[in-house]
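Q: I'd like to learn how to read a fold from its coordinates, one feature at a time. Can we walk through an example together?

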Amino acid sequence: MYAAFRSIGSYIPQNILTNQDLEKMVDTSDEWIVKRTGIKERRIANADEATSDLGYKAALQAIERSEIDITEIDMIVCATLSPDYLTMPSTAAMISKKLGIKNVMAFDISAACTGFVYLMSLAKAFVESGAKKNVLIIGAEKISSIIDYTDRSTCILFGDGAGAAVISATEDKNEAIIDVLASADGNFGELLITPGCGSVNPIREDNVNDKLQYMKMAGNEVFKVAVKTLTKDVIEILKKNKIDASEVDMFIPHQANFRIVEAVRAKLNFPVEKCAMTVAKYGNTSSASIPMAMNDLYEEGKIKNGDLMLLDAFGGGFTWGSALVRFAGKNFSS
Ligand code: UT7
């Protein structure tokens, strides 16, 4: 049994936060943000929208496009660093409730911006083992809920959104997800961290006053490791599977920063038109960035049935991973 990538869907919140808006909030400029990150605007969910609301809408679209009946979904996993609730219930459980899916395993994973690649690895293993047939995977983020909008080193980077996919069992090897590689190294944990509200710094007045509930990042240090690791990942997965870069139809790296994506793309010689680049309009949406980018390409007709996609991600933990995936869904029609 193989695991096939059957469908993609996304949800993009309507509210737009522009660089000009941020200029009024912190000491920054549109020029600095565009030059250093490539970001022009990002989406922000409504106050009454939870991460599971974003994930639910992306999931519904992915299920509809999969041509699999919703009753056949037998596992739901959500990757998020901005869950509905800190400990429980899981965001995946909330999404299952909104979808009306009962009696299936539903849980979250924590792998920051590499979340969607980790989900691919999980779904592939569950399907290939025969344990599950139709796994719904979701990367959903309301990162605005853990951002300090007085901290210019983070608030200019991140945005909200969600992406989802259905991974299904198939006997056709030509449809199979080829490979997923994923790793972590906790020694880098403190460089990209939300220090508060967990067991180390519990929710207490002093910790909240110190703003430990918000994300902190040593941006420049993260940047250097990100470029190196993302490049190494791609070389490794292509070599392991004896696939030449020229055979890849679409390279879809995590959208953290235009400079990071461009450095990796150029080093690996992927043509510009074969590289996803959505960071200008969505910013960094962590676990949602790869499926949101993939969905845009799908709706533009740039990802079709049989196309070979190469995913590449890096994030807090540090975590990193890459995936070689054939798109096994139907072609987009509006
Ligand atoms: O998604 C997970 C992985 N995340 C990433 O991969 C993000 C990686 N990091 C980055 O994208 C970049 O490091 C940043 C965009 C965060 C920062 O760019 P940088 O070129 O690494 O700048 P820097 O941190 O070295 O800061 C350069 C200067 C500093 O001023 P001084 O010390 O040179 O006077 C900062 O204080 O830019 C200053 N600065 C800003 N200036 C205007 C930092 N943030 C801002 C800002 N507006 N928003």
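Q: Let's start inside. How many residues does the largest nonpolar core have, and which have the most contacts inside it?
A: One caution before the case: this is a predicted model. Its largest nonpolar core has 43 residues, and Ile260 and Leu310 have the most contacts inside it.

Q: Which elements give two or more residues to this core?
A: They are α8 (219-240), α9 (258-268), β12 (308-315) and β13 (319-326). Of these, α8 gives the most, with 8 residues.

Q: Why does this core lie between domain 1 and domain 2?
A: Domain 1 (2-172) and domain 2 (177-326) both give residues to the core, so its place is between them.

Q: And what does Leu310 touch, leaving out residues up to four places away in sequence?
A: With those left out, Leu310 touches Val234, Ile237, Leu238, Val248, Met250, Phe251, Ile252, Phe270, Ala323 and Leu324. There's also a second, separate core of 34 residues, which includes Ile109, Met250, Leu297 and Val325.

Q: Next, the domains. How far apart are the C-alpha centres of domain 1 and domain 2?
A: The two centres lie 14 Å apart. As for contacts, 52 residues of domain 1 are in contact with 51 residues of domain 2.

Q: Now the sheets. What is the strand order in the sheet of 4 strands?
A: The general idea: strands of a sheet pair through backbone hydrogen bonds, either parallel or antiparallel. Here the order is β8-β13-β12-β11, in an open sheet with mixed pairing. β8 (177-184) and β11 (250-253) are the edge strands, each pairing on one side only. From one strand to the next, the twist averages 10°.

Q: How many bridges join β12 to β13, and do they run parallel or antiparallel?
A: 8 bridges join β12 to β13, and the two run antiparallel. Leu310 turns up again here: its bridge partner in β13 is Leu324. Helix α8 packs on this sheet, touching β8, β11, β12 and β13, and its direction makes about 145° with that of β12.

Q: What about the sheet of 5 strands: what is its order?
A: That one reads β1-β7-β6-β4-β5, again an open sheet with mixed pairing. The twist averages 20° from one strand to the next.

Q: How many bridges do β6 and β7 pair over?
A: β6 (residues 134-141) and β7 (residues 161-170) pair over 8 bridges, in the antiparallel sense. Within that pairing, Leu136 stands opposite Val166 in β7.

Q: Which strands does helix α5 touch as it packs on the sheet?
A: Helix α5 (residues 115-128) touches β1, β4 (75-79), β5, β6 and β7, with its direction at about 170° to that of β6. Helix α11 (residues 289-299) packs on the sheet as well, touching β1 and β7, and its direction makes about 85° with that of β1.

Q: Time for single residues. Is Ser66 buried or exposed?
A: The cut-off for buried is under 20% relative accessible area. Ser66 has 6% relative accessibility, so it counts as buried. You'll find it in helix α3 (residues 51-66).

Q: What lies around Ser66?
A: Not counting residues up to four places away in sequence, Ser66 touches Arg6, Ser7 and Val166. A polar atom of the Ser66 side chain also lies 2.7 Å from the backbone oxygen of Ile63.

Q: Where is Ser90, and what does its side chain reach?
A: Ser90 is in the loop between β4 and α4 (91-99). Its side chain reaches the backbone nitrogen of Ala93 at 2.9 Å. Ser90 is buried, with a relative accessible area of 18%. Leaving out residues up to four places away in sequence, Ser90 touches Ala106, Phe107 and Asp108.

Q: Last one: what is the relative accessible area of Met277?
A: Met277 has a relative accessible area of 32%, which means partly exposed. Met277 is in the loop between α9 and α10 (279-282). Beyond residues up to four places away in sequence, Met277 touches Gln255, Phe258, Val261 and Glu262. Met277 and Met309 are 32 residues apart in sequence and 14 Å apart in space, C-alpha to C-alpha.

Definitions and conventions. Residues numbered from 1 in each chain as written. Predicted model: local features only at pLDDT ≥ 70, side-chain atom pairs only at ≥ 80, totals over all residues. Heavy atoms only, no water. Core = buried A, V, L, I, M, F, W, Y, C linked by side-chain atoms within 4.5 Å. Buried < 20%, exposed > 50% of the residue type's maximum accessible area, 1.4 Å probe, protein only. Domains from an automatic or database assignment. Contact = heavy atoms within 4.5 Å. Polar contact = N/O pair within 3.5 Å; in protein donor to acceptor, adjacent residues only side chain to side chain. Pairing = 2+ DSSP bridges. Axes fitted to C-alpha atoms, helices over the stretch in contact; angles between N-to-C directions.
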